[in-house]
Structure formats: structure tokens, C-alpha cells
Amino acid sequence: MIIFRGKLNEECLKYIKKKKLLGAFIHCSVCFLLTAIPVMCFAFAVSYWCLLSLIFTCALCMGITSADRSFRDIPTETHIDDDYITSIGSQCKNTVPLNEILEITDMGTWYKIKFNLKFNMYFVCQKDLLVEGTLDEFEEIFKDKLVVYEPKKKQK
């Protein structure tokens with residue numbers, strides 16, 4: 001078993017917050033569109049004043065999304081065993097089978113884990129937070145999925 005435990009550094013926190021913000025935007029957009037279509041049909045059939053309810057709907061979607069995607073629940077522990085990877089935060093616990101991992105990107109001081117057909121921002125492994133196991137064991141488990149990050153060069 002491999003365990004990463006502790007407080008994430010600023011680089012990892014920035015990545016997680018960016019992913020959570022993107023997830024919140026997508027969630028809000030989908031909720032708004034799913035409720036806006038019936039409201040617009042009703043407004044065109046009955047009264048155009050019903051379109052004002054879209055303002056309330058938009059505010060409600062944004063409120064629910066921001067409450068759901070709070071930045072307080074940052075993962076503090078990641079367990080990797082033979083079959084599963086588990087990320088534990090103060091309010092949630094996510095477990096995903098290892099065969100769902102599409103790629104692991106070595107970002108230098110931490111690993112970014114990308115899943116097959118899943119949007120999940122809770123899985124990062126900061127190298128200096130390793131408390132059980134070794135980095136060699138980690139890289140051996142994921143040797144066929146490990147990719148080294150290379151920053152894009154700016155063109156002149």
C-alpha cells in the first residue's frame with residue numbers, strides 16, 4: 001500500500017481550485033440550460049413576463065453550485081492499494097478502481113491523475129507527502145501510464 005498524507009502545497013491547491021471552478025461552471029451551465037428551456041417555452045406560450053423567472057433560476061443555480069463545490073474540502077490523504085485509489089478529504093471520500101486511470105502526469109513535485117471518462121479533481125499525489133511506500137513502488141505500479149510533464153514552449 002502507498003499512502004500520501006498531509007497538507008498540499010500551493011501548486012497543487014491552485015490546480016485543484018482551478019478544476020473545481022471549471023466543474024462549478026459546467027454544473028451551473030447545465031442546470032441553467034435544463035431549467036431555462038421549459039421556462040422559455042412556457043413564457044412564449046403564456047406571457048413574456050415569465051422570462052423574469054430566468055433571473056431567479058440563474059441565481060438559484062449559481063447558489064446551489066457554489067454551495068456544492070466549496071473549496072474547503074481539499075484532499076489530505078491518498079491511499080493506493082492493489083485494486084483501488086482512494087482520496088480522503090474532510091467532507092468526502094472518493095474511491096476509483098486502478099484500471100480507470102488513463103494517465104498519471106509527473107508534474108515535478110507532484111503527480112496529477114487523469115481518469116478514463118471521469119471528471120475528478122481530488123486525485124493528486126504530492127511527492128514529499130509520501131508516508132508509506134516509496135516513489136519507486138508508485139512508478140512501478142503505473143509504469144505504463146506515467147507521463148512526464150513538459151511545459152509548452154512559447155513561439156516567437
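Which element supplies the largest share of the lining of the largest cavity? That share comes from β7, with 3 residues. What you see is a predicted model, in which local features need pLDDT of at least 70 and side-chain atom pairs count only at pLDDT 80 or more, while totals for chains, interfaces and linings use all residues. Residues are numbered from 1 along each chain as its sequence is written, and side-chain values use heavy atoms, leaving out hydrogens and water.

**The cavity**

- Rolling a probe the size of a water molecule over the atoms shows where empty space is left.
- On a 1 Å grid over the protein atoms alone, a cavity is a set of points where a 1.4 Å probe fits but cannot get out, and lining residues have an atom within 4 Å of a point.
- The count comes to 1 cavity of 30 Å³ or more.
- The largest cavity has a volume of about 60 Å³, where a volume is the space filled by probe spheres set on the grid points, which are joined across faces, edges and corners.
- Its lining includes Phe-4, Arg-5, Thr-78, Cys-125 and Leu-129.
- β1, β2 (77-80) and β7 (124-126) each give at least two residues to the lining of the largest cavity; strands (E, at least two residues) and helices (H or I, at least four) are DSSP runs, numbered from the N terminus.
- The lining of the largest cavity divides into 6 nonpolar, 4 polar and 2 charged residues. Here Ala, Val, Leu, Ile, Met, Phe, Trp, Tyr, Cys and Pro count as nonpolar, Asp, Glu, Lys and Arg as charged, and the others, Gly among them, as polar.

**The second largest pocket**

- A pocket is an open set of points with protein on both sides within 12 Å along at least five of seven lines.
- The second largest pocket holds about 180 Å³ of space.
- Glu-11, Lys-14, Tyr-15, Lys-18, Met-107, Trp-110 and Lys-112 line the second largest pocket.
- α1 supplies the largest share of this pocket's lining, 4 residues.
- In this lining, 3 residues are nonpolar, none polar and 4 charged.

**Strand pairing around β5**

- Strands β5 (residues 101-106) and β6 run antiparallel, joined by 5 bridges; two strands pair if DSSP finds at least two bridges between them.
- Thr-105 stands opposite Lys-112 in β6, and Lys-112 is also among the residues lining the second largest pocket.
- β5 and β6 make a hairpin with 3 residues between them, and Gly-108 in the turn has a positive phi of about 105°.
- β5 also pairs with β9 (residues 146-148), in the parallel sense and over 3 bridges.
- The bridge partner of Ile-104 in β9 is Leu-146.

**Nonpolar cores**

- A nonpolar core is a set of buried (under 20% relative accessible area, 1.4 Å probe, protein chains only) Ala, Val, Leu, Ile, Met, Phe, Trp, Tyr and Cys residues joined through side-chain atoms within 4.5 Å.
- The largest nonpolar core has 15 residues, and Ile-80, Ile-85, Ile-101, Ile-113 and Phe-138 have the most contacts inside it.
- β6 gives the most to this core, with 3 residues.
- Not counting residues up to four places away in sequence, Ile-80 touches (heavy atoms within 4.5 Å) residues including Met-1, Phe-4, Leu-98 and Phe-142.
- A second, separate core of 10 residues includes Leu-8, Cys-12, Leu-13 and Met-107.

Definitions and conventions
Buried means under 20% relative accessible area, exposed over 50%, partly exposed in between (1.4 Å probe, protein chains only).
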